[in-house]
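This briefing goes through a single structure topic by topic, for a reader who will want the cut-offs behind each term. Please keep the sequence and the coordinates at hand while reading.

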Amino acid sequence: MSAEPPLGTGPAYRLWAATYDVENPLTTMDSLAVRFFSHDIVGKSLLDAACGTARRLVFPKGHAPKSACGVDLVFEMLAAGHRDPARPRTTASGDLRALPFGAERFDVVWCRLAAGHLLKIAPLYREFGRVLRKGGYAVVTDFHPDAIRRGHARAFRDASGATHVVDHVVHDADAHEAAARAAGLTFDAAGSLGVGMEVRPFYEHAKKLDRYTADQGLPLLLALRFSK
Ligand SMILES: C[S@@+](CC[C@H](N)C(=O)[O-])C[C@H]1O[C@@H](n2cnc3c(N)ncnc32)[C@H](O)[C@@H]1O
């Protein structure tokens with residue numbers, strides 16, 4: 001593990017952009033949870049808030065929303081996505097806390113693995129409450145608070161192979177619910193996904209099956225859904 005202090009959002013994702021799209025146990029769980037919580041996006045307008053490289057805005061034929069766009073704070077993440085012709089060009093620079101859209105624009109808003117980069121989550125939910133249409137919903141996922149408490153960190157390898165840790169602020173499920181409620185959203189559901197069979201191949205590939213045994217059951221992903 002890296003001995004340097006955790007990196008803030010800008011420095012971390014500027015470094016991570018080149019290798020970001022490599023899937024890992026956390027991103028695999030994120031995909032499972034988001035598919036479950038937003039299985040009905042076909043024909044809807046979707047905003048992926050903190051979309052990174054926009055890798056989640058590529059849909060199989062017949063499963064696409066009516067429209068899909070994304071915003072992210074870090075130019076290098078957006079630029080990495082733009083190098084892939086399959087990804088949409090409907091992404092732009094923007095901050096989760098001040099979304100560059102008018103009110104009631106979207107049926108569905110995603111915020112995947114980004115809330116822990118914010119010191120406070122109230123502005124995020126205030127913005128989701130504003131840009132969602134009545135009847136719309138938000139799906140928010142993040143690194144699980146229990147994983148942080150058990151000493152796990154959000155770490156990545158840059159293109160040179162060096163490992164870095166990213167700063168992460170713990171927001172418990174209760175804090176998400178309180179902030180969402182204050183923004184006029186209603187709690188629909190929450191779930192925790194832990195290390196299990198779905199992610200065993202990552203450990204196997206890394207020749208770390210002993211680590212898999214130790215991590216089994218560890219909650220890695222928190223997922224929440226709120227409606228307007
Ligand atoms: C772990 S990545 C997730 C990217 C994407 N949601 C995915 O699942 O592939 C977190 C992203 O949040 C972005 N981010 C962090 N703080 C942000 C903010 N205040 N506004 C917009 N994006 C932000 C980072 O630049 C980074 O691309």
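A50 lies in the loop between β1 and β2, where helices (H or I, at least four residues) and strands (E, at least two) are DSSP runs numbered from the N terminus. The model is a predicted one, in which local features need pLDDT of at least 70 and side-chain atom pairs count only at pLDDT 80 or more, while totals for chains, interfaces and linings use all residues. Residues are numbered from 1 along each chain as its sequence is written.

- A50 has a positive phi of about 70° although it is not a glycine, and it is buried, with 24 other C-beta atoms within 10 Å; a residue is called buried if 20 or more other C-beta atoms lie within 10 Å of its own, exposed if 12 or fewer, and partly exposed in between, with C-beta atoms placed from the backbone.
- A54 also has its place in the loop between β1 and β2, and its phi, near 65°, is again a positive value in a residue other than glycine.
- A54 counts as buried, with 25 C-beta neighbours inside 10 Å.

**Surroundings of the ligand**

- The ligand is surrounded by 20 residues, of which A50, G52, L73, V74 and A114 are the closest; a residue is near a molecule if its C-beta atom, placed from the backbone, lies within 6 Å of it.
- This shell divides into 10 nonpolar, three polar and seven charged residues, where Ala, Val, Leu, Ile, Met, Phe, Trp, Tyr, Cys and Pro count as nonpolar, Asp, Glu, Lys and Arg as charged, and the others, Gly among them, as polar.

**Strand pairing**

- β1 and β2 run parallel and are joined by five bridges, with A49 opposite V71 in β2; strands pair if DSSP finds at least two bridges between them.
- β2 also runs parallel to strand β3 (residues 91-93), to which three bridges join it, and here G70 stands opposite T91 in β3.
- Five of the six residues of β2 are buried, so this strand is largely enclosed by the rest of the structure.
- Strands β6 (residues 154-157) and β7 (residues 163-166) run antiparallel and are joined by four bridges, with F156 opposite H164 in β7.
- β6 and β7 form a hairpin with five residues between them, and G161 in the turn has a positive phi of about 95°.

**Nonpolar cores**

- The largest nonpolar core has 50 residues, and those with the most contacts inside it are A49, V109, C111, F128 and A138; such a core is a set of buried Ala, Val, Leu, Ile, Met, Phe, Trp, Tyr and Cys residues joined through C-beta atoms within 7 Å.
- Among the elements that give two or more residues to this core are α2 (25-37), β1 (45-49), β2 (67-72) and β4 (106-112).
- F128 touches V109, A138, A183 and L185, not counting residues up to four places away in sequence, contact meaning that two C-beta atoms, placed from the backbone, lie within 7 Å.
- A second, separate core of 10 residues includes Y13, A17, V74 and A80.

**Helix α6**

- The buried residues of helix α6 (residues 173-182) are H176, A179 and A180.
- Seen down the axis of α6, these buried residues fall within an arc of 100°, so they line one face of the helix; the arc is that of the directions from the helix axis to the C-beta atoms.
- The face of α6 turned away from its buried side carries the exposed residues D174 and A182.
- The cover over the buried residues of α6 includes α4 (122-131), β5 (132-143), β8 (186-194) and β9 (219-227).
- α6 is followed by G184, whose phi is positive, near 85°.
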